[in-house]
Amino acid sequence: MSKIVDARGDNCPIPVVKAKKALEETKGAGVIEVWVDNEIASVNVEKFALGMKLKSEVIKISENEYHIIIHNENAGEFPGCEEMYFDKSGTVVVISSDCFGSGDEELGKILMKSYIYALSQRDILPDTLILLNSGVTLSTVNEDIVGDLREMEQKGVEIFSCGTCLEYYKLKDQLKVGSVTNMYAIVQKMDEAGKVINL
Amino acid sequence: MKPDVAIEDVRLTQMTKTAGCAAKIGPGTLAEVIKNLPKFFDEKLLVGFETSDDAAVYKISDEIAVIQTLDFFTPVVDDPYTFGQIAAANALSDVYAMGGEPKLALNIVAYPNCLGIPVLSEILRGGADKVKEAGASLAGGHSIQDDEPKYGLSVMGIVHPDKILKNKGAKPGDVIIITKPLGSGLINTAVKAGMASGEAMEEVVSNMSALNKTAKEVLEKYPVHACTDVTGFGLAGHVIEMAKASGVTIEVYADKIPVMKDALQYASMGLVPEGAYRNRNYTEKEIDMSSIGENYKDLIFDPQTSGGLMVSIEEKHAGNILKDLEKRLHTKFAIIGRVKVKEAKYMLVR
């Protein structure tokens, strides 16, 4: 069963809008065929299908007619665009110090070690750990904590240490677990997370 | 008599085929047209067609040169006042890109009579307020009836003949800095599709209506080698103009490019304006972009409406410039690349 979406004569970005609407209406069941009258529109509709993880092919009928066939294999399970692109999920833990809480520094360091250990033993781990400021000592020179972090990394937790902070503390060459990141990525991760835990 | 449309109900973007700088005639077509025009030789014409610079510059005396530019386009936002602000900021930008100060502006208006006087008044008020913000004077203009609304300015500015910032002069070893994030073409397309997020819309409006005045005031304190603004031809188009005029290769780092919210996502949803494809067709062969993803490719060709300045400057000044920009600029800025000795391609993207 093929639904035809005639977007010939429509200006950009209407063909993509119509394709999206058609996919939502058919709840992704079967095949939709989008007709456009220029190559750019066919490229955009193809990109749209790819972005939705759907198979598509383009048939050039003439210079002024292209048909883009979009297949949906997951009939009935079609997520809306908003869910795919704007869904916030995942847990991010942000650690911006080598001490947990303010007060006695020695106590703070002991508490941080306990926290990281307890975190590493949980059944459900956070998706991402971001280390900032003196927090970068945890992924570099703090042997005990490095071990716990490595364990979490092996179980799939992304561990990021702020590049500027590593440079500041002169620890860039001593990163033992995870990778270096920058403030743009940190802002993005925190913004797009479903839950952010800030120590 | 038909009542005027209420300002709140106006959807300017639905009256147009292409939005903002995506509505420019493609670079390939323009180049073809221009090459058949007569050439002009006046020793006082300091900057003309030849180096595809941002504005024309004419020497009046040893201390003063006049900068002349004009820009107008179709609405990128629905609100008339905001459209006026953006169009004016965009037109004024070319004067800043040449290192000058705008002094005088004239309105260029194309307008469907059916929309009525209040909406047009709002557009012009937005433009006038922006001209005032720039410290220039709005002194007149011209309008015609047209089914598609268009607005912009013809701007005159002044600059010292020895201090003109041209788009040629980038030197190997320089770093490239841009003063506004990219993505306005993509976000404006998503807005037209009704698929843009609130945050993306806010970010794009605030970036498009920002004057490049502050950026220019920071940058002119330093020995800038080359300067232009990033607008309708996209980052790639303007980087290549600078690279060609300077006889160098410019290497850009994709992950350093500041991007507006959700713009890359819109690229992967096929919400890519036609102007991006025209820009790509014209300059693709000059670029090595084999190592970046498709959405970044769309980003570098994305036509920017009222984009920021792009400068080439010796690396040793970079630290201080970034500190100064941090203090004064409200838009995202970054070092996005460096200049190398000319290689096979004018532009590399890593």
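**Exercise 1. Find which element gives the most residues to the lining of the second largest pocket, then describe that pocket.**

Step 1. Start with the contributors. α7 (183-192) of chain A, and α8 (263-268) and α10 (294-301) of chain B, each supply at least two lining residues. Helices here are DSSP runs (H or I, at least four residues) and strands are runs of E (at least two), numbered from the N terminus.

Step 2. Pick the top contributor. α7(A) gives the most, with six residues.

Step 3. Count the lining. On a 1 Å grid over the protein atoms alone, a pocket is an open set of points where a 1.4 Å probe fits, with protein on both sides within 12 Å along at least five of seven lines; lining residues have an atom within 4 Å of a point.

Step 4. Sort by class. Eleven lining residues are nonpolar, five polar and seven charged. Ala, Val, Leu, Ile, Met, Phe, Trp, Tyr, Cys and Pro count as nonpolar; Asp, Glu, Lys and Arg count as charged; the others, Gly among them, count as polar.

Step 5. Give the volume. The pocket holds about 670 Å³ of space. That volume is the space filled by probe spheres set on the grid points, which are joined across faces, edges and corners.

**Exercise 2. State how far chain A of the model can be trusted by its pLDDT.**

Step 1. Know the ground rules. This is a predicted model, where local features need pLDDT of at least 70, side-chain atom pairs count only at pLDDT 80 or more, and totals for chains, interfaces and linings use all residues. Residues are numbered from 1 along each chain as its sequence is written, chains are lettered from A and ligands numbered from 1 in the order written, and side-chain values use heavy atoms, with hydrogens and water left out.

Step 2. Read the average. Chain A has a mean pLDDT of 86, and 90% of its residues reach 70 or more. pLDDT is the predictor's confidence in each residue, from 0 to 100.

Step 3. Residues 75-87 of chain A have pLDDT below 50. Beyond near neighbours in sequence, this stretch still has 34 contacts in the model. Contact means heavy atoms within 4.5 Å.

**Exercise 3. Is A:E65 buried or exposed, and what does its side chain meet?**

Step 1. Check the accessibility. A:E65 is buried, because its relative accessible area is 17%. The cut-offs are under 20% for buried, over 50% for exposed and in between for partly exposed (1.4 Å probe, protein chains only).

Step 2. List the polar contacts. The side chain of A:E65 pairs with that of A:R8 at 3.3 Å and with that of A:H67 at 2.8 Å. A polar contact is a pair of N or O atoms within 3.5 Å; within protein, one must be able to donate a hydrogen and the other to accept it, and residues adjacent in sequence count only if both atoms are side-chain atoms.

Step 3. Turn to A:K60. This residue is in strand β3. A:K60 is partly exposed, because its relative accessibility is 47%. Its side chain makes a polar contact with that of A:E63 (3.0 Å). A:K60 and A:W35 are 25 residues apart in sequence and 10.0 Å apart in space, C-alpha to C-alpha.

**Exercise 4. Inspect the backbone at A:P13, A:K53 and A:K170.**

Step 1. Look at A:P13. A cis peptide bond joins A:C12 to A:P13, with omega about 0°. A:P13 sits in the loop between β1 (2-6) and α1 (14-25).

Step 2. Look at A:K53. Its phi is near 60°, a positive value in a residue other than glycine. A:K53 is in the loop between α2 (39-51) and β3 (55-62). A:K53 counts as exposed at 69% relative accessibility.

Step 3. Look at A:K170. Its phi is positive too, near 55°. A:K170 is in the loop between α6 (163-168) and β8 (179-181).

**Exercise 5. Which residues does B:G185 touch?**

Step 1. Read the contacts. Not counting residues up to four places away in sequence, B:G185 touches B:P273, B:D302, B:P303 and B:Q304.
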